[in-house]
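Biologist: Hi! I'm new to this one, could you walk me through it?
Modeller: Happy to, let's bring it up.

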Amino acid sequence: MNNRLFILKTLSGFAARKLWSAAMDLLPIVLVIGFFQMFVIRQPLPNLAEVLIGSLLVVIGLTLFVQGLEMALFPVGESLAQALARKGSIFWLLLFAFLLGFATTVAEPALIAIARESGEIAAQSGLIEKTEPVIASYALGLRLSVALSVGIAILVGTLRILRGWPIHYLIIGGYMVVMLMTVFAPPEIVGIAYDAGGVTTSTVTVPLVAALGVGLASIIKGRNPLLDGFGLIAFASLLPMIFVMGYGLFLFR
Amino acid sequence: MNVLFLEFWHILLETTRDVLPILALIVGFQLFVLRQPLLRVRRIAVGVVYVVFGLALFLEGLSLALFPLGKTMAAQLSDPEFLTGVQNALPVAAWQEYYWIYIFAALVGFSTTVAEPSLIAVAYKAHEVSAGTINMNGLRFAVAFGVAIGIALGTFRIVHGSPLYVYILVGYVIVVVQTFFAPKQIIALAYDSGGVTTSTVTVPIVAALGLGLAETVPGRDPALDGFGLIAFASLFPIISVMGYAQYAAWKGRRRSKK
């Protein structure tokens, strides 16, 4: 009986800590917005009740999401990344790297939200038809091109760690391709393409990809995990820009 | 109520579809490539249910609160009546009048970045990599200032209507130049920090702010001008991390000369 009580106590303490940290994510924004509403705009928020309920849902949702990731996906994913790095088969390692980038990006919450919003904006400005299926397929296409690019980015980043290529040549080359693509891409896609770079890598992708990078670098001789383990995220924020502009070229021209 | 429930059911189905690939990847590799049994299946199953429900709730809350909030703030702060203090005022075109927007954007950027857990992790690693020359809190504030200036500049760009690529091009040139002068150990870390500073909560609000702004400022088109704030927020940390590392290295050199 005592034992069960103890477990219950630690569990609830755990959940409370998680809720707290999700609330802390939201707190700075709430403070800034509250300050502006009270002292600068001096008007009540028009839909306060909805905003409060929605914020509560965001906090609970994010808590559950992160908790579930830590329970189910992160431990297995991390041990898998390390086991594959140790196994030494380059084929499986690269395949895993690609699929990991792809699959984590598909589940990335911020990207889901932004892609949907972008579809609605595109429909409002008459770029695509204003029907629900068309908007949904535009958003899905956007997400899949980002996911594909992140997959390739993680693959290239893994190769870089294996071969020891210097990162800055690849990044600077990537910047040049971004600028070149900007010249050809339809202007309506450039903004969302540039944003896609920052959106892709947050809650799901970063921990798993970082585990892969650091695991790899710590197994290869002569590599410093602190130095060579980084750089995977950098590719994952660069390639989406190129691929989304490519998607725009394919779609609007 | 029924409609809301149906909508949530719909979102739930979609999030299940979104989570499926990553689950298939991990289970598939574990069973068929490594040929090892999956341990603690029940714990994993519960975790996956958490992930699906959490994602669905988060997305629902996002469309209920965060998106409208960002857009409402942008609309209120760029309302002609608010800007001029006169009732039934005409739309304002001069970018100087929109200073509250810039301040708001900077504050949102700063406050969300300073508390960002992944940035704290990056700062800790930078401290280690640099053998202690980089101060953790110094770096955190440098990055937060970078994001604040970046987002404020991004809102200025939307109000002013100048093309996004010019700003990004200049940013890239600065990054490339810095790359040749910054301490070598910090470069990969700095490049990575661009991607990690924008969290799942910040991204929707900042994006909605830009889109709302492009909707209310006269002569702007949301499709053309609304996006780009997140690009600013992920470019500037690269510059500020390398800049801070350069500053720390320079300070270290000066101290050793004395």
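Biologist: What follows H6(B)?
Modeller: That's Gly161(B), which comes after H6(B) and has a positive phi, near 80°. Do keep in mind that this is a predicted model.

Biologist: And what caps the N-terminal end of H6(B)?
Modeller: Asn135(B) does, with a side-chain oxygen 2.9 Å from the backbone nitrogen of Asn137(B).

Biologist: How many residues does H6 of chain B have, and how far does it reach?
Modeller: Helix H6 covers residues 136–160 of chain B, 25 residues in total. From its first C-alpha to its last it reaches 36 Å, close to the 36 Å expected at 1.5 Å a residue.

Biologist: Okay, zooming out. How many helices and strands are there in chain B?
Modeller: Chain B has eleven helices and zero strands. Its C-alpha atoms fill a box of roughly 70 × 65 × 25 Å along the principal axes.

Biologist: Now for helix packing. At what angle do the axes of H7 and H11 of chain B cross?
Modeller: Roughly 25°, and the axes of H7 (residues 164–181) and H11 (residues 229–257) of chain B come within 10 Å. Angles under 35 degrees count as roughly parallel, so that is the description for H7(B) and H11(B). Their crossing is left-handed.

Biologist: Which residues make the contact?
Modeller: On H7(B) they include Leu164(B), Tyr167(B), Ile168(B) and Gly171(B). H11(B) contributes residues including Phe232(B), Leu235(B), Met242(B) and Gln246(B).

Biologist: And by class, how many are nonpolar, polar or charged?
Modeller: The contact of H7(B) with H11(B) has 13 nonpolar residues, five polar ones and no charged ones.

Key. Residues numbered from 1 in each chain as written. Chains lettered and ligands numbered in written order. Heavy atoms only, no water. Axes fitted to C-alpha atoms, helices over the stretch in contact; angles between N-to-C directions. Helix = DSSP H or I, 4+ residues; strand = E, 2+ residues; numbered from the N terminus. Parallel < 35°, antiparallel > 145°, perpendicular 65-115°, else oblique. Left-handed = near helix turned anticlockwise from the far one by under 90°. Contact = heavy atoms within 4.5 Å. Nonpolar A, V, L, I, M, F, W, Y, C, P; charged D, E, K, R; others polar. Expected span 1.5 Å × (residues − 1). Polar contact = N/O pair within 3.5 Å; in protein donor to acceptor, adjacent residues only side chain to side chain.
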